[in-house]
Amino acid sequence: MRVIALVSGGKDSCYNMMQCVAAGHEVVALANLRPANHKDELDSYMYQTVGHEAIDLYSEAIGLPMYRRTIKGSSVAIGRDYTECEGDEVEDLYHLLKQIKEKERVEGVSVGAILSDYQRVRVENVCKRLNLQPLAYLWRRNQEDLLREMILSNVQATIIKVAAFGLDPEKHLGKTLDQMEPYLKQISQEYGVHVCGEGGEYETFTLDCPLFRKRIVVDSSDVVIHSADAFAPVGYLRLLKLHLEDKAHHLPSSRALGVLQPCSSCVIQEASTENGDYKEISKPQVTWDLTASNSSDTVKLDHWSVKTKKGYQWISGPSIPMEGKSINDATRQTFSLLQVELEMKDYTLSDIVLLHLYIKDISDFGIINSVYQSYFNLNPPARVCVEAPLPDGISLQVDCLVHKSESTLQDITQGQKEVMHVQSISHWAPANIGPYSQSVKIGDEIFCAGQIGLVPCTMQLIGGGVRPEAALSLNHVQKILQATKSGTKLSNILLANCYVTDKKYIAAVQNFWQKAIKEDIEEDEGYGMMEATPGILVVVAIPHLPKGAAVEWHAIATTHEARERKSFILNKKLDVYEINCKVVTSGSPSSAAISLSLSLLLSPVNSLSLKAALQELAVVFQQAMDKLPEDVIPVCFKMFYCEDAINPSLVQRDLARSLEDLLGSKNPLLILVPAADLPDLEILHVACWLTN
């Protein structure tokens, strides 16, 4: 795409521009915001202004037009999120990019952000308003690796500002990245300085890189001491005189960038053969005895769970019969009714934390997504969207978790909602292909959106089959958890769902999960002799996934250490079937997960009492609940069932009654989701999340 590069003169904006060219984009112009009245250093949360007097040389050095605008605003809206704010310096960026877009017909914006959510959120806001795609290839890269890569890629930048403990204006200003690299690593280990200066520890000015046709030469400069602090003096270089110098052997961009390394997602090493641990297992066959299930019996079905002390509540959204409606109308009616249901309980759509969207036909994904987007804007919920074999006449099924705290101010602060909604294309994890956030964190709990095996820098599905997809998509989950809360790993997952498009993939993803969790735990030497307890994995086969993916992971995690967890198993074997129950509690224990399955011991089975089997299932669930703290409430009792093996209306009625009889006020919200298949001879599998 045609790209405008935001340049500050620093190494990051320059190197990201190189990454854009390496990815096949065409950089057509440069953009820069400068301080008013030729001020050297502007107190800005957004922009590097030191060295601004030399920026005009960039245009001739690289051979592209330069668009500049004077910063008129200031840092007004400094919260975590940003919306259009008159008088804010972000609006100067909006007007500059709007002008460039009209003249240069650009589609994307190169952004050198590495770690600053503050800058990323604001650039993404501007880009969304202008329908531009932000490209932030440095986002959340390992900073030591990134600095080394810049140096090896011949980015020749000099330090022009220092402002951190361990950095001295008299010693370090004017030094190159290559000269400073060992010392930057040293003070990073000793004092926690960001190696790439992402904490504002230092700023740079790029004098040459492979994209430059001419190099910039500094003839004279002055050291200016901005703050003579005894421990962390702040000083910068005022560039007084510069000139351009022809490069003897300037290479075309494509050849000059040949040294750039592909991102790890592009070269992920995972076996791609379609054999090995794939298991071909036929569907379980059962004939039910329905004499005890009186179809004339009625039971009041709740659409809401109880509300927990923390302020969580789960809702089962309306299922709208098509009856001649278009998918557009059915989707709009579904979410309009959901909105009404929420308002009846004093919620709004913005209170939704996690939303599950099951679609009858994945080819309708685009239309549904478009309608969905009209209901969610700033900080949308995390979302899981898959195709499911829904009953005839039902085009989509929705359920969601909402949160609104009514506790004390301290509890509200501890349970504050934090949303990760990254829309920039990067090497980190996929940008959103729909109006959803990668994760939402409430207190100690993290809700991660469904992840498929998209290569982040291309947003295309990785090749090679289910194993590379499983590896890459689970790696996305890991990166999102880590970015949401530093130190959070796969072993912090309490409940994971994995959707696959063929039953033969189930064993493969189960084995991959066990391997990944084991490696994750072994990497943490802090576990010592205390064994960490892994979370629960529920695997479901469904017909199709977005983008033609073969596997999708979704997870609920806690920030408590896995070694502090407790778990137990309850199994019950009857004549022709068995019930398996596993429970894992978080370290607090403020939350828990329960996996509950009913499997045949042989197939086919004839004359099995449906009502009796469901009663046994409910009894085992009650036994599990009895072992948990009194204030831990089952919020969502989501049952995946083999579509051809069970009558959902009878299950809904008989199981709802059994659960209510046994659990009373702690009765969970029952949600039924049809599956194409389940592991082994399972005919139903429950994934239950509990919290206080």
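On a 1 Å grid over the protein atoms alone, a cavity is a set of points where a 1.4 Å probe fits but cannot get out, and a pocket is an open set with protein on both sides within 12 Å along at least five of seven lines; lining residues have an atom within 4 Å of a point. Grid points are joined across faces, edges and corners, and a volume is the space filled by probe spheres set on the points.

The model is predicted: local features need pLDDT of at least 70 and side-chain atom pairs pLDDT 80 or more, while totals for chains, interfaces and linings use all residues. Numbering starts from 1 along each chain as its sequence is written, and side-chain values use heavy atoms, without hydrogens and water.

**Stop 1: the largest pocket.** Its volume is about 920 Å³. Select Met46, Tyr47, Gln48, Gln119 and Glu203, the closest to the pocket centre among the 38 lining residues. Next, colour H1 (11-22), E2 (26-34), H3 (90-104), H4 (117-130) and E7 (202-208), each of which supplies at least two lining residues. Helices (H or I, at least four residues) and strands (E, at least two) are DSSP runs, numbered from the N terminus. By class, the lining has 16 nonpolar, 15 polar and seven charged residues. Nonpolar means Ala, Val, Leu, Ile, Met, Phe, Trp, Tyr, Cys and Pro; charged means Asp, Glu, Lys and Arg; the others, Gly among them, are polar.

**Stop 2: the second largest cavity.** There are two cavities of 30 Å³ or more. The second largest cavity holds about 100 Å³. Select its lining, which includes Trp314, His356, Lys638 and Trp689. Then show strands E20 (493-500), E22 (551-558), E27 (633-642) and E29 (682-691), which give two or more residues each. E29 has the largest share, three residues.
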